[in-house]
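Please look through the chain from its overall order of elements to single residues, and then to its surface.

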Amino acid sequence: YEVVMAMFEIDKNFLRSVKKKAGADLHIFYSDGSVLSTLEDSRCVARMREMLTNSLQASLMGENAAHIANLDCEGNPQKVIFKPRTVNLKSQGVYALSVPIGDLLLARRQLILQVVIITTLILFVGIFVFSSLIVSKIVEPIQELSQAAKKVAQGDLPQRLVARSVDELGELSDNFNQMVRQLHAARSAMEVHHERQMERAERLAVLGQMASGIAHEFNNVLA
């Protein structure tokens, strides 16, 4: 706020607008001893003034750094941040920002709650995504394998599985397809062998009938 305050006249209305945005009370302790503050309790402001000892002000001005302190403001503990106020590179007093520790704790709890909620949502989304991957990568291929095995058991040998991955499930699908091909080839070979056996049996039956007819005629000639 240093640049803004150096360009415009500072009054309590301006400080109140800053307080509304910052959510904390703002105080300005001028070098001449005057004070401008958004805090109505003058006793608390006086205690802040007492905390600004000469050594602290010299330290703030020399290091141009902030100093954080605790203040018990009539039973309302506050966290106070002191910062040197400079205008055109000249020391013009000290800024002080005070926030009730209860408000800080409340903001901290709200932040923790938000982090917990966001973490929980991320966890649920992660579980959902992981479950979807498990279903698509493991459960569905196993279900397809189970259904294909049932059809093969019912005699539907042309069943084939599509290997979706190169892992153990993909290897299992390839092995299943190879087994089905071997079963199909074995059944085809058995069918061919059975047909040949039937043809042979038919030929033997015809030969038997012919032999029986020849023997019957031969017996008639001898008689």
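Predicted model: local features only at pLDDT ≥ 70, side-chain atom pairs only at ≥ 80, totals over all residues.

Residues are numbered from 1 along each chain as its sequence is written, and side-chain values use heavy atoms, with hydrogens and water left out.

The protein has six helices and five strands, where helices (H or I, at least four residues) and strands (E, at least two) are DSSP runs numbered from the N terminus. Read from the N terminus, these elements follow the order α-α-β-β-α-α-β-β-β-α-α. Of the 223 residues, 22% count as buried, a term that stands for under 20% relative accessible area, with exposed meaning over 50% and partly exposed the range in between (1.4 Å probe, protein chains only).

Strand β3 (residues 67-73) runs antiparallel to strand β4 (residues 76-87), and seven bridges join the two; strands are taken to pair if DSSP finds at least two bridges between them. Within this pair, Ala69 faces Val80 of β4. The hairpin of β3 and β4 has two residues between the strands, and Glu74 takes a positive phi near 55° there.

Gly93 belongs to strand β5 (residues 90-100) and counts as buried because its relative accessibility is 3%. The C-alpha atoms of Gly93 and Tyr30 are 4.3 Å apart in space, although 63 residues separate them in sequence.

Leu104 sits in helix α5 (residues 101-153), and its relative accessibility of 37% makes it partly exposed.

Together with Phe130, Ile134, Val135, Val139 and Ile142, Ile138 makes a nonpolar surface patch of about 470 Å². Patches consist of residues with over 30% relative accessible area and no salt bridge, like charges being joined within 9 Å and nonpolar side chains (Val, Leu, Ile, Met, Phe, Trp, Tyr) within 5 Å; a salt bridge is a side-chain nitrogen of Lys or Arg within 4 Å of a carboxyl oxygen of Asp or Glu.

A negative surface patch is formed by Asp167, Glu168, Glu171 and Asp174. Asp174 lies in helix α6 (residues 168-222) and is partly exposed, because its relative accessible area is 42%.

Notes: Areas by Shrake-Rupley, 256 points an atom, 1.4 Å probe, with all protein chains shown as cover. Lys, Arg positive; Asp, Glu negative; His and termini not counted. Charge placed at Lys NZ, Arg CZ, Asp CG, Glu CD.
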